[in-house]
Amino acid sequence: MTKQLKKISLIISVLGILILFLISILIQPKQVFSYNELKLNELVKTSGKIISIQNYDEFSVIKLDSNLIITCNCKFQENSTIEAHGKVIEYKNNFQINAE
């Protein structure tokens with residue numbers, strides 16, 4: 001009886017790990033290249049060169065060469081190339097990416 005329970009537990013554990021792996025593959029952020037591709041609350045990733053940056057106490061606002069705006073708790077310099085992953089939010093009737 002205990003051997004059967006061990007086998008069942010092992011099979012269920014392996015299946016659970018496989019399901020989590022498949023879910024992680026399916027929930028990849030969408031690659032965006034322009035402002036028109038942004039949709040509210042969508043997970044996205046983008047990359048580009050920083051053309052301007054505004055640093056505040058708690059966060060930074062970064063504008064990329066693709067005119068995408070990114071907010072993050074980070075420190076970068078202009079002319080750096082970055083890749084950002086985050087959720088699209090709305091601020092003053094404009095979309096921006098809140099990077100993780």
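The model is predicted. One helix and six strands make up the protein, and from the N terminus on the order of elements is α-β-β-β-β-β-β. The radius of gyration is 20 Å, whereas a compact globule of 100 residues would have a value near 13 Å.

**Overall dimensions and contacts**

- Along the principal axes, the C-alpha atoms occupy a box of roughly 65 × 25 × 25 Å.
- Buried residues account for 25% of the 100 residues of the protein.
- Among contacts with a separation of 6 or more, 44% are between residues 24 or more positions apart.

- β2 and β3 are antiparallel and pair over five bridges; the hairpin that joins β2 to β3 passes through four residues.
- Within this part of the structure, Ser-52 stands opposite Lys-63 in β3.
- β3 and β4 also pair, in the antiparallel sense, over four bridges.
- Ile-62 has Ile-70 in β4 as its bridge partner.
- The hairpin of β3 and β4 has four residues between the strands, and Asn-67 in this hairpin takes a positive phi near 65°.
- β3 is largely enclosed by the rest of the structure, because four of its five residues are buried.

- The pairing of β4 with β6 is parallel and runs over two bridges.
- Opposite Thr-71 stands Asn-98 in β6.
- β5 and β6 pair in the antiparallel sense over six bridges, and Ile-89 has Gln-96 in β6 as its bridge partner.
- Two residues lie between the strands in the hairpin of β5 and β6, where Lys-92 takes a positive phi near 50°.

**Nonpolar core**

- The largest nonpolar core has 16 residues, of which Ile-62 and Ile-70 touch the most other members.
- At least two residues of this core come from each of β2 (43-55), β3 (60-64), β4 (69-72), β5 (81-91) and β6 (94-99).
- Beyond neighbours within four places in sequence, Ile-62 is in contact with Ile-50, Ser-52, Ile-53, Leu-68, Ile-69, Ile-70, Cys-72, Cys-74, Phe-76 and Ile-82.

**Disulfide**

- The structure holds one disulfide, which joins Cys-72 to Cys-74 with an S to S distance of 1.7 Å.
- Cys-72 has a relative accessible area of 9%, so Cys-72 is buried.
- Cys-74 has 17% relative accessibility and counts as buried, because the cut-off is under 20%.

**Thr-71 in β4**

- Thr-71 lies in strand β4 and is buried, with a relative accessible area of 8%.
- The side chains of Thr-71 and Asn-98 are joined by a polar contact of 3.3 Å; Asn-98 in β6 is also the residue that stands opposite Thr-71.
- Setting aside neighbours within four places in sequence, the contacts of Thr-71 are Ser-60, Val-61, Gln-96, Ile-97, Asn-98 and Ala-99.
- One of these contacts, Gln-96, is the bridge partner of Ile-89.

**Phe-95 in β6**

- Phe-95 has its place in strand β6.
- Its relative accessibility is 24%, so Phe-95 counts as partly exposed.
- Not counting residues up to four places away in sequence, Phe-95 touches Tyr-35, Leu-38, Leu-40, Val-88, Ile-89 and Glu-90.
- The C-alpha atom of Phe-95 is separated by 17 Å from that of Ile-50, and the two residues are 45 residues apart along the chain.

How values were computed: Residues numbered from 1 in each chain as written. Predicted model: local features only at pLDDT ≥ 70, side-chain atom pairs only at ≥ 80, totals over all residues. Heavy atoms only, no water. Core = buried A, V, L, I, M, F, W, Y, C linked by side-chain atoms within 4.5 Å. Buried < 20%, exposed > 50% of the residue type's maximum accessible area, 1.4 Å probe, protein only. Contact = heavy atoms within 4.5 Å. Disulfide = S-S within 2.5 Å. Pairing = 2+ DSSP bridges. Polar contact = N/O pair within 3.5 Å; in protein donor to acceptor, adjacent residues only side chain to side chain. Rg over C-alpha atoms; globule rule 2.2 N^0.38 Å.
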